[in-house]
Amino acid sequence: MTAATSTNMIDQGLANTIAAESKMSFIDGQNGVLEYVGIDIDALARNSTFEESVYLLWHFRLPSESELAAFTDQIRNEYALPDQMWQLIKDLPKTASPMHAIRTLVSALAMHDPEADEQSPEANTRKGIRLLAKTPALIANFDRHRKDKDFIKPDPSLDIATSFLTMLNGEKPTDTMAKALDVCLILHADHGFNASTFAALVTISTLSDVYSAVTTAVGTLKGPLHGGANEAVMHTLNELGDISKVEDFVRGKLERKERVMGFGHRVYKAYDPRATYLKTFAKQLAADTGNQNLYEMSRRIEEIMAEAVAAKGIHPNVDFYSATTYYSIGLDIDLFTPMFVMSRIAGWVGHCIEYLQDNKLIRPRCEYTGPHSSPYVPMNER
Ligand code: CMC
């Protein structure tokens, strides 16, 4: 906190501000703990599915077997895209980055939803289901469009992860790959008031609509200090190419006071629990797919960072090992952040619904540091 000239303090980056209560996810940054509604993320990654974890986040409890089946059916019944959305994908420039495309496509979905401006929790949950269900088809088919491939429709007999990979690659994924993506979706689904969730809340707090909130959030997630970090990690690994170059690279970055992407976190000052799980996963997938070099380079970066900056509380975050995991699944690098979108919709929508229960317009103030009583100088005298 910095002292302001008024009686209030400036909390730069809102790092020490608790903006509201939430029952969705608990983060203990000192001890490296993440729980969804009290359940440890490790237990969910090992035992749950993305769909079940979303139910947990939205209903604050695990579903019974029949509740999960009904929820899964609701999602799959919403997989199909309106005809005009297919045309819109075709109209997008093939050179567009997927995050720009997705921000536009998610926003456009609102115009095909007669409930877009309904604000009841039930209507907002239905919209959340639609967003969750339709976004994978938008991402996969934008990728097909830019690669001059025919569209593939989502398959309602498949779960979200499997249906997405089938549309993306034109063939069913292996069980390991579908499981890997499903686990990544679970791990990224919610994380308190991170930047994109907070951006969504700013939008919904004006009593705008869920589509606008999610569009705001997609734009916020895109930044390399937030969801874009996983792509930056992969670019680093590709540029390095060989483990022998890692040490000079990392030490050089630290000497120049530059950021090593995939490290550090506003809240975690201990090891990010999502990274713990992903590290094991990345190792196994890299070995299975002949990408061992990537894993070895990552491990070496982690070793050097640990010697140099772990004492300052800088450890790998969720993006560090998700990069190798996504690459091993066969995703293009610029599809990594869209995977974060596919998953974090769960958190964005859940938080919007929760916040609206006791809504208050989010509107902080700034400390004005400019001049006062300045004269208006006519144009011809400036
Ligand atoms: N590499 C090197 N030094 C770092 C890093 C890093 N990745 N992250 C923080 N530091 C240093 C920083 O230089 C500063 O040092 P000093 O005190 O000597 O000036 C100190 O740690 C505190 O940094 P900060 O920027 O004040 O901390 P913050 O809480 O604002 O930063 C962060 C959080 C995520 C923006 C930052 O750690 C970062 O830029 N990391 C790299 C980008 C990244 O991986 N982002 C993904 C975050 S996890 C997924 C998500 O939430 O989307």
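Predicted model: local features only at pLDDT ≥ 70, side-chain atom pairs only at ≥ 80, totals over all residues.
I picked out the pair E115 and R126, whose side chains meet in a salt bridge with an N to O distance of 2.5 Å. I then checked where the two residues sit. E115 is in the loop between α5 (98-109) and α6 (121-146), while R126 belongs to helix α6. They are 11 residues apart, and the pair links distant parts of the chain. Side chains of opposite charge can pair when their charged atoms come close.

**Entry: domains**

I turned to the domain assignment. Domain 1 is given as 38-224 + 337-356, and domain 2 as 229-328. I looked up the separation of their C-alpha centres, which is 27 Å. Domain 1 puts 21 residues into the contact, and domain 2 puts in 21 residues.

**Entry: the interface**

I read off the area buried between domain 1 and domain 2 as about 1,600 Å². Carbon and sulfur atoms give 67% of that area. For polar contact, I found three residue pairs across the interface, with both residues at pLDDT 80 or more.

I then went through the side of domain 1 that touches domain 2. The elements giving two or more residues to it are α1 (41-47), α8 (175-188) and α16 (336-356). Of these, α8 gives the most, with nine residues. I sorted the residues on this side of domain 1 by type and got 12 nonpolar, five polar and four charged.

**Entry: the ligand**

Which residues come nearest to the ligand? I have 21 residues around the ligand, and the nearest are H226, R259, V260, F263 and R266. I looked up polar distances for three of them. For H226, a side-chain N or O atom is 2.5 Å from an oxygen atom of the ligand. For R259, I found 2.8 Å between an N or O atom of the side chain and a ligand oxygen. R266 also places a polar side-chain atom 2.8 Å from an oxygen atom of the ligand.

Note on methods. Residues numbered from 1 in each chain as written. Heavy atoms only, no water. Domains from an automatic or database assignment. Contact = heavy atoms within 4.5 Å. Buried area = accessible area lost by both parts, 1.4 Å probe. Polar contact = N/O pair within 3.5 Å; in protein donor to acceptor, adjacent residues only side chain to side chain. Helix = DSSP H or I, 4+ residues; strand = E, 2+ residues; numbered from the N terminus. Nonpolar A, V, L, I, M, F, W, Y, C, P; charged D, E, K, R; others polar. Near = heavy atom within 4 Å. Salt bridge = Lys/Arg side-chain N within 4 Å of Asp/Glu carboxyl O.
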